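Please look over the sequence and the structure shown below before reading on. The paragraphs after it go from the pair of chains to one chain, and then to single residues and their surroundings.

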Protein chains: 2
Amino acid sequence: MTPVCADTPCLILDRLRLQANCRRFLERADQLGVTLRPHVKTAKSADVARVACGGQPGPITVSTLLEAQRMVAAGFTDLLYAVTIVPARFERALALAGQPGVHLRLVTDSLPVAHQLVEATSAAGTDIDCLVEIDCGEHRGGLLPDDPLVLEIGAVLDTGRRTRLGGVMTHGGQSYGARGPASVPRIAAIERDAAVTAAGRLGNAGLPCPVVSVGSTPTFLHAEHLAGVTEVRCGVYVFFDVSQAERGICEIDDLALSVLSTVIGHNRAGARLLLDAGGLALSKDLGASGAGGHPHYGLVCHAETLEPLGLVVDTVYQEHGCVPVADPAWYERLPVGARVRILPNHACMTAAGGYGQYLVLDEGRLVARWPRFDGW
Amino acid sequence: MTPVCADTPCLILDRLRLQANCRRFLERADQLGVTLRPHVKTAKSADVARVACGGQPGPITVSTLLEAQRMVAAGFTDLLYAVTIVPARFERALALAGQPGVHLRLVTDSLPVAHQLVEATSAAGTDIDCLVEIDCGEHRGGLLPDDPLVLEIGAVLDTGRRTRLGGVMTHGGQSYGARGPASVPRIAAIERDAAVTAAGRLGNAGLPCPVVSVGSTPTFLHAEHLAGVTEVRCGVYVFFDVSQAERGICEIDDLALSVLSTVIGHNRAGARLLLDAGGLALSKDLGASGAGGHPHYGLVCHAETLEPLGLVVDTVYQEHGCVPVADPAWYERLPVGARVRILPNHACMTAAGGYGQYLVLDEGRLVARWPRFDGW
């Protein structure tokens, strides 16, 4: 690859693949009659979010208030902060929600927090919507759909002077653990049913439920229908990754994110190439890699064509990635100083390696540098 | 903890523990008659490096040229870049090495690179020392001590007009895989022997070998002697971590780094607390945790006393950490909004989560904010 960057490791984003992934998901949302609310936690980049939103200033999903702040600063106005709010964050959240034109929705699954939010919004004089988080089986955030607290929290939010009950949201994160796409439609149905059931209970109790929000990349792609759902949140699809590909959720040719890396050594005693992409550059997330039984940190590809070379990064140290090579011919094909690209196992974690920017390529040509941020 | 920070997760550094760890290693180096060259890759902080160096501007070890640049900018002058250099980095390295008073040593294990370095330094008119990396059994970087290339590379570097053969270096990284301290003295002896053997071969060939550099935190602590070694490189000891403690290399009370985190939810259906310290805040490095058979991402501790509560983070998502609780009393003891501190499994990876700074405490009181950097 000609001088896309002076030094490695660096983060490469293939714009055509990004655009294709984003277009495909927007079209599927249209077909299913739901709003797509892309999750910006994967890319943490306003430029990527603009592509995912088809050029509109939202709707988007965020996982941290820093993401919300940066996205509002970049002109996005319709945001769902999809991690349960805690009182220590009210001030930061309400400051954002109070900005002209900004519609920031919060999430809770806690009755005490709902009460505190009602008080805080009254005191601040700021209107805010808050959704109730539902647990559809992953047992991460949320209340089970039939938990009496769903109605209690809903009623508290609904009677707040400045709060509004915004609806319900759930996340079928167990879909990432599915070994293949065949079991995903069932998880998608469970996710949908949980949200729709909770929404129905609120409605039966005379409470509003304007938003019924579900989502994960696998369940959105494989849901048979989304009746009763109003919006879907997905994140990793903008880039996709090896974990998704090895589970049959996408093709390797869909992967838009890669790490450009340099061969820094040959260890013939250990029969491995050494790369300068290690645990910081790739993350230590083995994710769902190695469906065949050999977990790894990423696929080694040709630096220009991005064709997989049939090699993987099987061990990472902080600044070293190790690539086993059975055939010594690889030492000639990839001499010290040669460059390769790594398709990462888990794109969200790899992108968060501290790179600071995406180098954006169109057919191998550097066309832009898009900043990305990390932290909270 | 009173308002050490407005929001979480954030990175907390206990200064007294840091100072004690650093003092102990400096004293041990004195006892063993070697120079301690602390590795700044763990902390990526000039302030931490100053403590590790007893207030002196080096010697230090770096793993990236960004670390070298930042440390030189902060006044450090004696640096070893301990990852094999590639030609694309010569320009950056030589620009640093050419600064007044700066002594930057490089490392190689490649004959072509040695030749290219001789040419590049001549062309640039910059003097530089380069060490030969030796593989003492980990099969990461380096040549086996008896590899003929050790002498060939040494001879090339020695006859360069501007290069000097700086010696040999090796890293007994396999010590991190030891299940307990009992096997570490043997690994330390292997590490030392590899370096001393390679140095002896250079000497027998009439080549200089002023530096014989070894090091890892476990091998330095457990070496029986270091005869023939001139310097030792260690990194993680400045903070230590749960991986080191669970292997018996340090005590839990030595751990200087922790992550302040907020309880953001209770999932009673899943019998877990949810924290806002997930895969980005803690890293996904399971390291050597769970010597007892249950790998985890960190120990949950009291936010002020740092006493372990007997709970662990056993699952992480990007922004959620899950803490299994067998006893529902924990929901009362740690309500939503409560804060805890997590002792991380692998300090180097956790610190690289994008925090940007260390909040430095003396006996629970915030006394400083030390910037840290990430990237390359």
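What rotation, and what shift along its axis, superposes chain A on chain B? A rotation of 180° with 0.0 Å of shift does so, at an RMSD of 0.0 Å, where copies are superposed by least squares on the C-alpha atoms of residues with pLDDT of at least 70 in both. That is the relation of a two-fold axis. The same surface serves both copies, since 100% of the contact residues of chain A recur in chain B, contact meaning heavy atoms within 4.5 Å. Of the residues of chain A, A:Lys284 comes closest to the rotation axis, with its C-alpha at 2.8 Å.

The model is predicted, so that local features need pLDDT of at least 70 and side-chain atom pairs count only at pLDDT 80 or more, whereas totals for chains, interfaces and linings use all residues. Residues are numbered from 1 along each chain as its sequence is written, chains are lettered from A and ligands numbered from 1 in the order in which they are written, and side-chain values use heavy atoms, with hydrogens and water left out.

Chain A has twelve helices and 18 strands; helices (H or I, at least four residues) and strands (E, at least two) are DSSP runs, numbered from the N terminus. Its radius of gyration is 22 Å, close to the 21 Å that the globule rule gives for 376 residues, so chain A is as compact as a globular protein of that length; the radius is taken over C-alpha atoms, and the rule is 2.2 Å times the number of residues to the power 0.38. Along the principal axes, the C-alpha atoms of chain A fill a box of roughly 70 × 40 × 35 Å. Among the contacts in chain A with a separation of 6 or more, 69% are between residues 24 or more positions apart.

A:Arg105 counts as buried, at 12% relative accessibility. Leaving aside neighbours within four places in sequence, its contacts include A:Asp78, A:Asp129 and A:Arg37, together with A:Tyr81 and A:Val211.

In chain B, B:Ile134 has its place in strand E6 (residues 128–134) and is buried, with a relative accessible area of 1%. Beyond four places in sequence, B:Ile134 is in contact with residues including B:Leu143, B:Val150, B:Met169, B:His171 and B:Ala198. B:Val107 is 27 residues away from B:Ile134 in sequence and 9.9 Å away in space, C-alpha to C-alpha.

Helix H3 (residues 65–73) of chain B has as its buried residues B:Leu65, B:Leu66, B:Glu67, B:Ala68, B:Met71 and B:Val72. What covers these buried residues includes helix H2 (46–52), strand E3 (60–62), strand E4 (78–81) and helix H4 (90–97) of chain B. Just after H3(B), B:Gly75 takes a positive phi of about 105°.

Finally, B:Leu32 lies in helix H1 (residues 15–32) of chain B, where, apart from neighbours within four places in sequence, B:Leu32 is in contact with B:Phe220, B:His225 and B:Leu226.

Note on methods. Buried < 20%, exposed > 50% of the residue type's maximum accessible area, 1.4 Å probe, protein only.
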